[in-house]
Amino acid sequence: MRVLGVDPGLTRCGVGVVEGVAGRPLTMLAVGVVRTPADAELGHRLVAIERGIEEWLDEHRPEYVAVERVFSQHNVRTVMGTAQASAVAMLCASRRGIPVALHTPSEVKAAVTGSGRADKAQVGAMVTRLLRLDAPPRPADAADALALAICHIWRAPAVNRLQQAHAAAAASRAPRPPRTSAGSTPAAPVRKVPR
C-alpha cells in the first residue's frame with residue numbers, strides 16, 4: 001500500500017509518501033513541504049498548494065491519501081487556513097479517484113507513539129525510528145505528514161474490516177422475498193408467448 005500523507009497548512013503543507021503493509025517494516029519514499037508566501041493573496045496560495053500536491057500525486061502515484069482532520073482551535077484564522085489547505089488536498093485526490101482518509105491528530109499520535117497526547121518531538125522521533133531514518137524529517141510538518149501515512153497503513157485493514165462488517169449487517173437487515181409454506185421462495189410466474 002502506498003499512501004501520501006498530507007499535514008495541511010497554508011504556509012507549510014507537509015507531504016510524505018510511505019509504502020508498506022501493517023505488521024511489516026515500512027519504507028519512506030519521499031518527504032517534503034509545499035510552501036506558500038504568507039503575504040500572497042489567499043487564492044494564489046491555494047493554487048500553489050494545489051500545484052504542489054498535484055506534482056506529488058503525479059510523481060508518486062499513491063493508492064490512498066491520508067489528510068489530518070481539521071479540528072477547532074482557539075485561533076479561528078489558523079483553523080480556517082488549515083481547513084482550506086485540507087480541502088485542496090482532498091479535492092486533488094478525489095478528482096483522480098484516489099480514496100481519501102481523514103485522521104485526527106490524537107489518532108495519529110496514538111498510532112505512531114502509543115499516546116494521543118504525544119508532542120511533536122515524540123512523533124518525529126517515532127517516525128524516524130519506524131522508517132529507519134538517520135534524523136527526524138524537518139520541519140515538523142513533514143514528520144507529521146509521514147505519521148499520517150503510517151497511521152493510515154496501520155489502521156486501514158481494521159477500518160476495512162469494520163466497513164465490511166457494517167455492509168454485511170446492512171445486507172442482512174434488507175427485506176427478503178416472501179417464502180412459501182414449504183420454505184422456498186415462490187417462483188416467478190411463467191408467461192406463454194404466442195407463436
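How exposed is Glu50? In this predicted model, Glu50 comes out as partly exposed, with a relative accessible area of 24%. Its salt-bridge partner is Arg95, and the closest N and O atoms of the two sit 2.7 Å apart. The pair links distant parts of the chain, with Arg95 in helix H2 (residues 76–95) and Glu50 in helix H1 (residues 42–60), 45 residues apart. Arg95 is partly exposed too, at 49% relative accessibility.

Another salt bridge brings together the side chains of Glu54 and Arg96 (2.5 Å, N to O). Glu54 belongs to helix H1 and Arg96 to the loop between H2 and strand E5 (100–103), so this contact ties together parts 42 residues apart in sequence. Glu54 is buried at 16%, while Arg96 is partly exposed at 32%. Through shared partners, salt bridges join Glu50, Glu54, Asp58, Arg95 and Arg96 into one network.

The structure has 8 salt bridges. One of them pairs Asp141 with Arg12 (2.7 Å, N to O), and it reaches across 129 residues, from helix H5 (residues 140–173) to strand E2 (residues 12–19). Here Asp141 is buried, at 14% relative accessibility, whereas Arg12 is partly exposed at 35%.

Then there is helix H4 (residues 120–130), where Val123, Gly124, Val127 and Thr128 are buried. These residues lie on the same side of H4, because they cover an arc of only 135 degrees around the axis. Ala121 and Arg129, on the other side, are exposed. Just after H4 comes Arg132, with a positive phi of about 55 degrees.

Technical notes. Residues numbered from 1 in each chain as written. Predicted model: local features only at pLDDT ≥ 70, side-chain atom pairs only at ≥ 80, totals over all residues. Heavy atoms only, no water. Buried < 20%, exposed > 50% of the residue type's maximum accessible area, 1.4 Å probe, protein only. Helix = DSSP H or I, 4+ residues; strand = E, 2+ residues; numbered from the N terminus. Arc of directions from axis to C-beta. Salt bridge = Lys/Arg side-chain N within 4 Å of Asp/Glu carboxyl O.
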